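Morning, everyone. Please have a look at the model on the screen. I'll take you through it in a few minutes.

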Amino acid sequence: MTGFVITPPAVPALAVADSDQVFPLRRVFCVGRNYASHAREMGSDPDREPPFFFTKPADAVVGMDAPLPYPPATQELHHEVELVVALGAGGADVAPERALELVWGYGVGLDLTRRDLQALAKKDGRPWDMAKGFDASAPCSPLLPVRRTGHPAAGRVWLEVNGALRQEGDLDEMIWPVADVIAYLSRFVTLAPGDLIFTGTPSGVGALEPGDRVRGGVDGVAAFELTVAEAAAGR
Ligand code: MN
């Protein structure tokens, strides 16, 4: 082999808090319905379901320092504030009691969702990819290493839009805590350094509009502020 036929894509990466170094991204996994309150608001019975997963492209992860582009092809862009787990080590069939050893650090992210397209996909039994995995669909705060956050098992998860509280929950309400999420996911795929896991959202999801000011966080991990940009011309 003498080289790539096109310029190879850049390695997607996320900022690390208080550091010039960045965290390289491999894959992004998201847990569906991991808080009972959100499962109920989406019409499910939280007591009956094992965790399920969907993915986003690694290059859908963006920082929160620039205005968030309002995506095309939706009338209903929903926020889902979530604890994000960054893996610094990998493995398959990881035991729950060893699972936290894989974690490099934590951040706070938004699992942005085209809720209108997701509803159509659910109705027709189609994939969620275009509802969940669009460009810039995974804004995330700078990551903090475990030595700064520990492994947070409790802490308020919250989100405000234009100063009004929309989402509020606590990490201790997760149906599947982080260790269980990692262990369960590792039964389906071999996890690897650079993988991110969005761990699910509490209730209160709702629509974002161009121009909205969004604040949120997970107490003990990070807080963020970002604005939603105006929709691109012609869309
Ligand atoms: Mn979510």
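First, a term. Helices (H or I, at least four residues) and strands (E, at least two) are DSSP runs, numbered from the N terminus. Now the ground rules. This is a predicted model, where local features need pLDDT of at least 70, side-chain atom pairs count only at pLDDT 80 or more, and totals for chains, interfaces and linings use all residues. Residues are numbered from 1 along each chain as its sequence is written, and side-chain values use heavy atoms, with hydrogens and water left out.

Let's start with empty space. Rolling a probe the size of a water molecule over the atoms shows where such space is left. On a 1 Å grid over the protein atoms alone, a cavity is a set of points where a 1.4 Å probe fits but cannot get out; lining residues have an atom within 4 Å of a point. Points are joined across faces, edges and corners, and a volume is the space filled by probe spheres set on them.

How many cavities of 30 Å³ or more does the search find? Two, over the whole structure. Strand 3 (28–32) and strand 4 (52–56) each supply at least two.

The second largest cavity holds about 60 Å³. Its lining includes Gly32, Arg33, Phe52 and Trp176.

Next, the metal. Donors are N, O and S atoms within 2.8 Å of the metal (3.2 Å for Na, K and Ca); water is not among the atoms, so sites may look incomplete. Which residues coordinate the manganese ion? Glu80 (OE), Glu82 (OE) and Asp111 (OD), at 2.1 Å. Glu80 sits in the loop between strand 6 (77–79) and strand 7 (81–87), and Asp111 in the loop between strand 8 (103–110) and strand 9 (113–114), so the pair ties together parts 31 residues apart in sequence.

Buried or exposed? Buried means under 20% relative accessible area, exposed over 50%, partly exposed in between (1.4 Å probe, protein chains only). Glu80, at 4%, counts as buried. So does Asp111, at 1%.

Last, a sheet. Two strands pair if DSSP finds at least two bridges between them. Four strands form an open antiparallel sheet, in the order 13-12-16-17. Strand 13 (164–170) and strand 17 (222–227) are at the edges with a single partner each, so one side of each has no neighbour in the sheet. Strands 12 and 16 pair over five bridges. Within that pairing, Leu159 has Gly216 as its bridge partner.

Key. On a 1 Å grid over the protein atoms alone, a cavity is a set of points where a 1.4 Å probe fits but cannot get out, and a pocket is an open set with protein on both sides within 12 Å along at least five of seven lines; lining residues have an atom within 4 Å of a point.
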